Amino acid sequence: MAKSVHPFPYARYTEDVWNSHNPDALAMYFAHDARVHSMTPGSVAGTGLNYLKGRAQSLLKAFPDIHFVIEDVVERDDCLAARVTLEGTQRGEFAGIPATGKRMKVYDFAMYRIVDGKITDVWSLIDIQALRDQLQGGSSSPGHFR
């Protein structure tokens, strides 16, 4: 498998796509046939830029003020691992939960494979139970992943 020659610009990717709320920018960072190998319960795996863009649009519609904060990034050979905090206010349906107007703060742990400067594979695990509890009034807080 080809390896990344240069470090992947993860901070720039996070700003260009997520914090700028610009799903069209995914094409700058992902291969056209990138695969999402979902690990988050209730989330479906998929392939390609259209799939990725649809997932991004869904998240941005549900949380129009969402903001990503990079906590840790480790890169080795053709793999990059990241721990990111997501915060936002739910204004639309997400994961079967109708809009609540509540704030959420959850963590995402992701592993990326990067070939020729583009992400070809991603495995992501979001603390979906903490998200549900925060939006629906349960007891989980995001603090247990710190």
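Colleague: Which element gives the largest share of the lining of the largest pocket?

Modeller: In this predicted model, that element is α3, with six residues.

Colleague: What makes this space a pocket, and what is its volume?

Modeller: A pocket is an open set of grid points, whereas a cavity is a set from which a 1.4 Å probe cannot get out. The space is therefore called a pocket because it is open, and its volume is about 740 Å³. It is lined by 34 residues, and those closest to its centre are Ser43, Arg55, Leu59, Phe94 and Ile126. Two or more lining residues come from each of α1 (10–19), β1 (30–36), α3 (49–62), β5 (103–115), β6 (118–126) and α4 (128–136).

Colleague: How is the lining divided by class?

Modeller: The lining has 24 nonpolar, six polar and four charged residues.

Colleague: Why are β2 and β3 called edge strands?

Modeller: The open sheet has the order β2-β1-β6-β5-β4-β3, with mixed pairing. β2 (46–47) and β3 (67–76) each pair on one side only, and are the edge strands.

Colleague: How do you know that β1 and β6 count as paired?

Modeller: Pairing requires at least two bridges. Three bridges link β1 and β6, in the parallel sense, so the two strands count as paired. Val36 has Val122 in β6 as its bridge partner.

Colleague: Which strands do α1 and α4 lie across?

Modeller: α1 lies across β1, β3, β4 (79–89) and β5, at about 150 degrees to β3. α4 lies across β5 and β6, and runs at about 155 degrees to β5.

Terms used: Residues numbered from 1 in each chain as written. Predicted model: local features only at pLDDT ≥ 70, side-chain atom pairs only at ≥ 80, totals over all residues. Heavy atoms only, no water. 1 Å grid on protein atoms, 1.4 Å probe; cavity = no way out; pocket = protein on both sides within 12 Å on 5 of 7 lines; lining within 4 Å. Points joined across faces, edges and corners; volume = space filled by probe spheres on them. Helix = DSSP H or I, 4+ residues; strand = E, 2+ residues; numbered from the N terminus. Nonpolar A, V, L, I, M, F, W, Y, C, P; charged D, E, K, R; others polar. Contact = heavy atoms within 4.5 Å. Axes fitted to C-alpha atoms, helices over the stretch in contact; angles between N-to-C directions.
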